[in-house]
Amino acid sequence: MKQSIKVFLLSVMALFAVNFATMAQDATEETVAAEVVAVAEEAVEAVAAEVVEENIDLGETMVNFFEGMGLTAMAQDPRYLIMIIIACVLFYLAIVKQFEPLLLLPIAFGMLLTNLPGAGLFHEELFAGGHVHWSDMANGAGLLDFLYLGVKLGIYPCLIFIGVGSMTDFGPLLANPKSLLLGAAAQLGIFAAFFGARLLGFDAAEAASIGIIGGADGPTAIFLTSKLAPHLLGPIAVAAYSYMALVPVIQPPIMRLLTTKEERQITMKQVRSVSKREKIIFPIMVTIIISLLLPDAAALIGCLMLGNLMKECGVVDRLTKTVQNELMNICTIFLGITVGATATAGTFLSLGTLGILAMGITAFALGSAGGVLLAKFMNLFLKNKINPLIGSAGVSAVPMAARVSQVVGQEENPTNYLLMHAMGPNVAGVIGSAVAAGILLSMLG
Amino acid sequence: MTLLAINWNNIILVTCVGFGIVFIVLVLLIAIITLFGKVMAPKAKVTKTTTTTDAHNATVKVEKTEEGHIPALDSAAIAAALHMYFDEVHDEESLVVTIKTVERRYSPWNSKIYGLNNNFTR
């Protein structure tokens, strides 16, 4: 019994001892924690006192401010100033001279934005190496970077092609299928410029992108360049749209040089009327045929023909109005600004740009000449002669090139109306340049 | 040196074959469209005669062009009329009355009471 009482008492004492020990440990920890907090508070107070006491160095601050200014960066690298001057020249051409203002104005503004030093509105490095660095897009990509995705992924040119298709009448082409030959001949400029660009030292992909300027088709040029040589997008877009605006200046001398007065006076026979059923089936048929032959051209041709089908079927008026106006205008704004934004000083101010401009105008001239010469050749065999002036309309530039044919034709014969005849090669040129782009993409892409 | 480094075979291949394929594809399209046109084109008689009876019961032939279309001048006239209609370049009244009343003050010179004709009696 006594033994049991001793064990019980010892157990109770042991429990008390453990409890006291725990309490003592807690107390020690609390003390230590309190001491640490006190020391930390003292340190923070000391640091705060030091911060408060530190004086602002006005000189250093001002130096940092001036170093951060765009003007300083511009003084260090005058290429920015040159690019801004070029943007202002494009503004002048767009606003005063009205050279393709719908696209040249946004392109010029994009060029201005991207060349404001220090603003950092467009980040080329996100698209370096020809592909999108998606992981970096979340860190600091701006509006222009996100909008540029539409160009990079080939979205805007295709959407614009839907609008172009919905505003194009393929009736003259259906009425006179021979027009397609003129449209094909006018693609001579593309391949001749490809050849020339290779001689100038551009690689094959770059040369193909430069050559497509000769197609006189802005969306196609941007589509192909964004796939093959995205670093040349700025100069190629500026060259393509500038030359398209200059079609009334570039083409007439070539047309007069290659034709005689008698040839320019040829009056063409009125073309047959085209039924609505033909116009509805045509876009479906062309999409199937060309996409099966050239899958790389399917995106452009498919979008072009979708827009045309919307217009011709007549049952989706709301959609037709949307693609002709709102969709097309929105895409044009985004495309223009972002393409302009790629024209940075580093990429634009180089000898390569001069080469692009030179080959671009060569491509235009050769394309126009190719159409005219083939028309003259066809006249050797045709009973009903065609006016060679409509051959130059084979370069796309719808409807500017057709209007030029009309104007030059009326200079020789005021009663001659070539406009509708020229619209055939003109829309054939759109198909031809899209086919040429598909071929180049499949060969070099 | 640059010229020597260029692979001429590739350039000629892309240029000639590319241009050739463009031609082939479009010539194929010509063939299909021509065939398609023959099947789908609206059928029209070479000449179509309609008879109208005038005061002397004479028959007037209204000839159309070889393809059965209306003549080019008629097309031009219709196009001009449509252009004027859609661009509102027509002589339709704007339905705004522009005639304003003019207040004429009384004067013996324009009086109807003392007119020359008032002296006649019947």
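Ala, Val, Leu, Ile, Met, Phe, Trp, Tyr, Cys and Pro are counted here as nonpolar, Asp, Glu, Lys and Arg as charged, and the others, Gly among them, as polar. By these classes, the lining of the largest pocket in this predicted model has 15 nonpolar, 9 polar and 4 charged residues.

The pocket itself has a volume of about 1,100 Å³. Of the 28 residues that line the largest pocket, the closest to its centre are A:Gln270, A:Val271 and A:Met420 from one chain, together with B:Ala72 and B:Ser75 from the other. Two or more lining residues are given by each of α9 (171-175) and α24 of chain A, and by α3 (72-86) of chain B. The largest share of that lining, 7 residues, is the contribution of α3(B).

The two chains also meet over an interface, in which 40 residues of chain A are in contact with 35 residues of chain B. The size of an interface is often given as the accessible area lost when the parts come together. For chain A and chain B this buried area is about 3,200 Å², with 85% of it on carbon and sulfur atoms.

On the side of chain A that touches chain B, the elements giving two or more residues are α10 (179-185), α11 (188-199), α17 (276-293) and α24 (419-444). The largest share of that side, 9 residues, comes from α17(A).

A:Thr347 has its place in helix α21 (residues 345-348), and its side chain reaches the backbone oxygen of A:Thr342 at 3.3 Å. Leaving aside residues up to four places away in sequence, A:Thr347 touches A:Glu124, A:His231, A:Pro235, A:Thr342 and A:Thr353.

Most residues other than glycine have a negative phi, and most peptide bonds are trans. A cis peptide bond, with omega about -10 degrees, joins A:Val398 and A:Pro399, and A:Pro399 is found in the loop between α22 (351-379) and α23 (400-412) of chain A. A:Ala216, a residue other than glycine, has a positive phi, near 55 degrees, and lies in the loop between α12 (204-211) and α13 (218-228) of chain A.

Notes:
Residues are numbered from 1 along each chain as its sequence is written. Chains are lettered from A and ligands numbered from 1 in the order in which they are written. This is a predicted model: local features need pLDDT of at least 70, side-chain atom pairs count only at pLDDT 80 or more; totals for chains, interfaces and linings use all residues. Side-chain values use heavy atoms; hydrogens and water are left out. Contact means heavy atoms within 4.5 Å. Buried area is the accessible area (1.4 Å probe) that two parts lose on being put together, summed over both. Helices (H or I, at least four residues) and strands (E, at least two) are DSSP runs, numbered from the N terminus. On a 1 Å grid over the protein atoms alone, a cavity is a set of points where a 1.4 Å probe fits but cannot get out, and a pocket is an open set with protein on both sides within 12 Å along at least five of seven lines; lining residues have an atom within 4 Å of a point. Grid points are joined across faces, edges and corners, and a volume is the space filled by probe spheres set on the points. A polar contact is a pair of N or O atoms within 3.5 Å; within protein, one must be able to donate a hydrogen and the other to accept it, and residues adjacent in sequence count only if both atoms are side-chain atoms.
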